[in-house]
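I want to go through the chains first, then the place where they meet.

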Amino acid sequence: MRSSTVTRAAGLALASLGIAAVVLGDARPGWPADENGGKERIGRPATQEEIRPWNIDVSPTGEGLPPGRGTVQQGSRLFATKCAACHGPTGIEGPKDKLVGGQNTLQAAKPVKTIGSYWPYATTLYDYINRAMPFDAPQSLTPDEVYSVIAWLLFQNKVIAEDMVIDAHTLPQIQMPNRNGFVADPRPDVR
Amino acid sequence: MNRRKFLRQSASLMAAGAAALILPAARAEEAGPPRDPMRVPGALPRPYGERSPFEKQQRLGGAGPGAPHGWGANAPDNYNSLTPLQDLHGIITPSSLHFERHHNGVPAIDPTRHRLLIHGLVEKPLIFTVDELERLPAVSRLAFVECSGNTWDGWKDAQDYSVQDTHGLTSTSEWTGVKLSTLLEAAGMRSEASWMLAEGSDAAGLDRSVPLTPEVLQEAMICYGQNGEALRPEQGYPLRLLLPGFEGNINVKWLRRLKLGAAPFMTRWETAKYTDLMPDGKAYQFTLVMEAKSVITYPSGGRRISPGLHEISGLAWSGRGRVTKVEVSVDGGRTWQEARLQEPVLPKCHTRFRLPWRWSGQDTVLQSRCTDETGYVQPSRDDLIKVRGTNSIYHYHAIQSWKVEQDGSVRNVNA
């Protein structure tokens, strides 16, 4: 029965991917039945309280964004103290990834891929900065700090106005300049 | 007194005197091996083996497209290391020489404290310890893992590179673990689930969205074993995701969480990075499969050969299945001969090919091109660039050219 759940789900997964469905074989590895004729239980049920601190991802719909808010002004101060050493005072000087500018360069001989020129979703900024930045102290920023630095980066990239407040409500609504810049894998494209 | 007992006693005597004396054994080692190894008792067994001190092959540090390779002065910025393909035999990559790519260092993880959480669109969210996973029915398979940035310098002008520089971000291991389907079945995957976020417990918290296609549901593994022992820390100790044939980055290492969802999560790694920019300014996204690719590893860049008989040898692989044919050209692509494929020839795995060749001493260009079981033929560099331009960074898989100069030196060229 569980196996048929996987099979059914796979069919749906495929339909949504536009791939022809293939019926899965019985994926069960054939564990011996216990004395009641059932399958041995593996793993331990996870409670919602246990899941919460692990569940740090943020989706394009905004699912996963915490309470809190940030402004361009707060972000400017924070960027100068915690980000500028790697990304430069205005986010373009490096030495690490260029974060600002580059719009309309994607067809150029040397494209400049930044948040403003390349990133399709603003929510990705929360997911990434919250989990991985600053590089030498990941997961050290508060939600307000993450929202603030996002506000500053989006303002520097001319995506939002200087007085915009970034929070769980506003962030998913932001239309990124390169939102329609991606296509599904068409390969094999070279023969 | 038998020999073993004598040696053991001598060893403990020496250990006792170690504080005050220079050990005779240590002196012998410094002096190197004896002139005649038949006239001196050899070394005793040891708990964990190491290669002969005469063997010096090593990984090569790397730091991105165009950056110089090496250790030492470049080390602070190294974030990958490349496998010495020119020095390896057969198809397996020794675990110590498996390439590395990590996004904020290799985490130190105590396996007794590590947990894997499966949640999201499942009936019952579950937590597993590593021990519990190791108790479950397991599978092993050989598979290559290739960084989609492998050969990224191929898009640009050819540098004075060895095959380690050009192709060293691919390795093959025997991987052992639990099938993903086993865990999804236990958690009860819900019908609306079509994507899965996989997340590592490194300082990058690397996260990728995995499409739950039949191929993934059939083949994906949660691995704890590599070449018969536990995963190396650089390859994800204690747990990694293995998606045979898919780009290295999505084979998430230090795996701590799988979250099922109804859409891709659009992480930085599948939007800002690991997308392939085309000449029209659009980028391919979720280009997961590694296409058919091959390279001659002997002779290759940096070697010098003499006229006479050589066995051309190399590796071929495809993320779409088995390699069915490798052709070699010893005249810059004018004519092609079929190479012998060495068994085993396995799907989504390095395959070794060989072709005897007599070098006349005239300069020439050596190339290999492989075909996989879908009929796909590895393209020429020109054909690849015609479609994709030179700015897509990832997924360069064109035919590699090695120029053999009249003096026997071999170098990397864009033929």
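This is a predicted model: local features need pLDDT of at least 70, side-chain atom pairs count only at pLDDT 80 or more; totals for chains, interfaces and linings use all residues.

**Chain A.** I started with the secondary structure and counted six helices and four strands in chain A. Reading along the sequence, I get α-β-α-β-α-α-α-α-β-β. I then looked up burial: 32% of the 191 residues of chain A count as buried. For contacts in chain A between residues at least 6 apart in sequence, I find that 56% link residues at least 24 apart.

**A sheet in chain B.** Next I traced an open sheet of five strands in chain B, with antiparallel pairing and the order 19-18-22-23-24. Strand 19 (337-338) and strand 24 (410-413) of chain B are the edges; each has a single partner strand, so one side of each has no neighbour in the sheet. I checked how strand 19 of chain B is held: two bridges join it, antiparallel, to strand 18 (residues 323-329) of chain B. Within that pairing, Val328(B) has Gln337(B) as its bridge partner.

**Where A meets B.** I count 62 residues from chain B and 56 residues from chain A in the contact. Which element of chain B gives the most to its side? Helix 5 of chain B does, with five residues. I sorted the chain B side by type and got 30 nonpolar, 17 polar and 15 charged residues.

Strand 1 (residues 44-45) of chain A pairs antiparallel with strand 5 of chain B over two bridges. I noted one partner set there, Pro45(A) with Leu126(B).

How values were computed: Residues are numbered from 1 along each chain as its sequence is written. Chains are lettered from A and ligands numbered from 1 in the order in which they are written. Two strands pair if DSSP finds at least two bridges between them. A residue is buried if 20 or more other C-beta atoms lie within 10 Å of its own, exposed if 12 or fewer, and partly exposed in between; C-beta atoms are placed from the backbone. Two residues are in contact if their C-beta atoms, placed from the backbone, lie within 7 Å. Ala, Val, Leu, Ile, Met, Phe, Trp, Tyr, Cys and Pro count as nonpolar, Asp, Glu, Lys and Arg as charged, and the others, Gly among them, as polar.
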